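Here is my note on this model, point by point. Please keep the structure open while reading.

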Amino acid sequence: MTATTTAPITAPPPAHTEKRPSGRLRAWATRAPLLPALIFMIAVTQLPFVATLVISFFDWNSLYPDARQFTGFANYSEVLTDAALRKSVWTTILLTVAVVLASLVLGLGLALLLDRKFRGRGLVRTLLIAPFLVVPVAAALLWKHVLYNPEYGLLNGLLHYVGGPQPDWISGTPLLAVEASLVWQWTPFMMLILLAGLQSRDHQQIEAARVDGASDWQIFRHLTLPHLRRYLELGALLGSIYIVQNFDAVFTITSGGLGTANLPYTVYQSFYQAHENGLASAAGVLVVIGSIIIATFALRVVSSLFREEASRA
Amino acid sequence: MSATAIRVRPRRARGAGLGLAAWLAGVVFFLPIAWMALTSFHSESDAATNPPSFGAALTLDGYREFFGAGGGASPWPALINSTVASVVSTLLVLLLALPAAYALSIRPVKKWTDVLFFFLSTKMLPVVAGLLPIYLFAKNTGMLDNIWLLVILYTSMNLPIAVWMMQSFLAEVPVAIIEAAQIDGARLPTVLGRVVAPIALPGIAATALICFIFSWNELLFARVLTGVVAETAPVFLTGFITSQGLFLAKVCAASLVISLPVLAAGFAAQDKLVQGLSLGAVK
């Protein structure tokens, strides 16, 4: 993705307008502090992507470097027709949608609970944020070995007390097992964004509605929810961008087995283990296209919030 | 006893109920971490029981095992590599992002919002998009298994977040104060050091902590680009993916020790966390 996806926004007037525009030198002096960061970003993120794009048009297995040749869109049609790869596209979608929706709903519930004053609110907030602050691999290990283990995991241990069944969570419902661990990590993220949204509501307006006899449900349905809409969108989109790219949980909990291989894992596997450079690149480009679709919406939401903040300031 | 008193009472009771629900949710979400901490202090045989042994004797054996007492690989090289990669890349990010944020807020270039959104769009480019060329480049230049390659990649990973966050923090510095200082004859370094820095410092600190967290957590680049020498802490943890007999206490100790820097940084940056994670869109 390049600057072409930049969302069109009308900039608020800059804080300082240049007082004495004395020619080109001055413009470059203003630009100079920006250049190192800009050049660095282009070199490290854009150039490799261009290379990926080029490689994706080649039949190139690094074990047979001499057999490298241009194949046009062959890699793409292989990615899209190969049953395993097509399944990984589907898995990616399923994983992302399920995790984003579940953590968004849970996050909304928690944000509503935390938006009120009660004893120990700060501590509860800290407890709720903690899952997001466990290193992702460590969190995945925790779920895989300590919670899901069919013989002595905590889940089956607790089920044991109530005389429940003792399922093998990972073999029985592998995708759900990965999703549950991700929902646990991402719910706090959604909660933080939605809590910020709740706290930016116009409290006078809500008081006025309450004085006019609106019920809590009416206030939620007609005032809170419309206000939260863009925060929900932002949470969903940022969550999608991070979870589409998820590698840690899939790699750790199932090692991509049992039908849980998503696209990032497949890309990793096809060049790191199968050495299929061309194929891996084509799959990588597909991930990017998916991300661009999500990102275009995300940029729009961010820019509208950005504009609002700027106009409020 | 007026009508309002009757109305107030059920509301208060419901308030207490909702407070309790919030507490319950907090405990449920924290339970896996609390259990991980407790298990890390149990002996291996107490850690692997069903039903779970909540009150078993406490021991530091899990931690001793993790730090290599049982003859396993020492985690210290990985922890040091992670520290170098996270701290140095965070410093580099600040070095590049501070001037950029200045040119996007206090003395903005033309079309500064377009530039800002260019930075954001690079953050949305998935890691896998450039992974293979970076791997091939590293392989051909002998940079594989070199921690400095990760430093560069982590810098690029965090630079967009830092530019966005710091832009929003610097934009909060009132223009009037800067102008007043300039009228009093203060030169640019003085203005930056004495006027801008004190106001923007908490934001800069939060930005640094968030960049540190993302670098510390990163797995995919580290997994593909490092081997025995430059291995980072998350890569070290992947050694625990396949079960090795009774090893729950060791896994818990390892997970907890390696997560501690992130937990500490995250709680320190708690108030600015959401602003950083939403790339400055939410304040």
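Predicted model: local features only at pLDDT ≥ 70, side-chain atom pairs only at ≥ 80, totals over all residues.

1. Nine residues of domain 1 of chain A are in contact with five residues of domain 2 of chain A. On the domain 1 side, helix 2 of chain A gives the most, with three residues. That side divides into five nonpolar, four polar and no charged residues. The domain assignment puts domain 1 at 42-81 and domain 2 at 90-277 + 285-312 of chain A. Their C-alpha centres lie 33 Å apart.

2. Where does helix 2 of chain A bend? The bend is at A43(A), by about 30 degrees. The buried residues of the helix are A37(A), M41(A), T45(A), P48(A), F49(A), T52(A) and I55(A). An α-helix has 3.6 residues a turn, so residues three or four places apart point the same way.

3. Now chain A as a whole. Its secondary structure comes to 14 helices and two strands. The C-alpha trace spans about 80 × 75 × 30 Å along its principal axes. Of the 313 residues of chain A, 43% count as buried. Consider contacts in chain A with a separation of 6 or more: residues 24 or more positions apart account for 73% of them.

4. The UniProt record for chain A is an unreviewed entry, and it gives the feature "transmembrane region" at residues 34-58, 89-114, 126-146, 175-198, 231-258 and 278-302. Two of these spans can be set against the model. Residues 175-198 of chain A are 100% helix and 0% strand, with end C-alpha atoms 32 Å apart. Residues 126-146 of chain A are 71% helix and 0% strand, and the end C-alpha atoms there lie 23 Å apart.

5. For chain B, again an unreviewed entry, UniProt lists "transmembrane region" at residues 20-38, 84-104, 116-135, 147-170, 191-215, 221-240 and 247-269. Residues 20-38 of chain B are 100% helix and 0% strand, with end C-alpha atoms 24 Å apart. Residues 247-269 of chain B are 91% helix and 0% strand, with end C-alpha atoms 33 Å apart. The unreviewed entry also lists "domain: ABC transmembrane type-1" at residues 79-269 of chain B. Over that stretch, chain B is 77% helix and 0% strand, and the end C-alpha atoms are 22 Å apart.

6. Is Y102(B) buried or exposed? Y102(B) counts as buried, because it has 20 C-beta neighbours inside 10 Å. Leaving aside neighbours within four places in sequence, Y102(B) is in contact with P33(A), R107(B) and L170(B). The C-alpha atoms of Y102(B) and L192(B) are separated by 9.8 Å, although the two residues are 90 residues apart along the chain.

7. Most residues other than glycine have a negative phi. K111(B) has a positive phi, near 55 degrees. K111(B) lies in the loop between helix 4 (76-104) and helix 5 (112-123) of chain B. With 12 C-beta neighbours inside 10 Å, K111(B) counts as exposed.

8. The other angle belongs to D145(B). Its phi is also positive, near 60 degrees. D145(B) lies in the loop between helix 6 (128-141) and helix 7 (147-170) of chain B. D145(B) counts as partly exposed, because it has 15 C-beta neighbours inside 10 Å.

Technical notes. Residues numbered from 1 in each chain as written. Chains lettered and ligands numbered in written order. Helix = DSSP H or I, 4+ residues; strand = E, 2+ residues; numbered from the N terminus. Bend = angle between axes of the 7 residues up to and from the residue. Domains from an automatic or database assignment. Contact = placed C-beta atoms within 7 Å. Nonpolar A, V, L, I, M, F, W, Y, C, P; charged D, E, K, R; others polar. UniProt positions renumbered as here; feature names shortened; annotations may be inferred.
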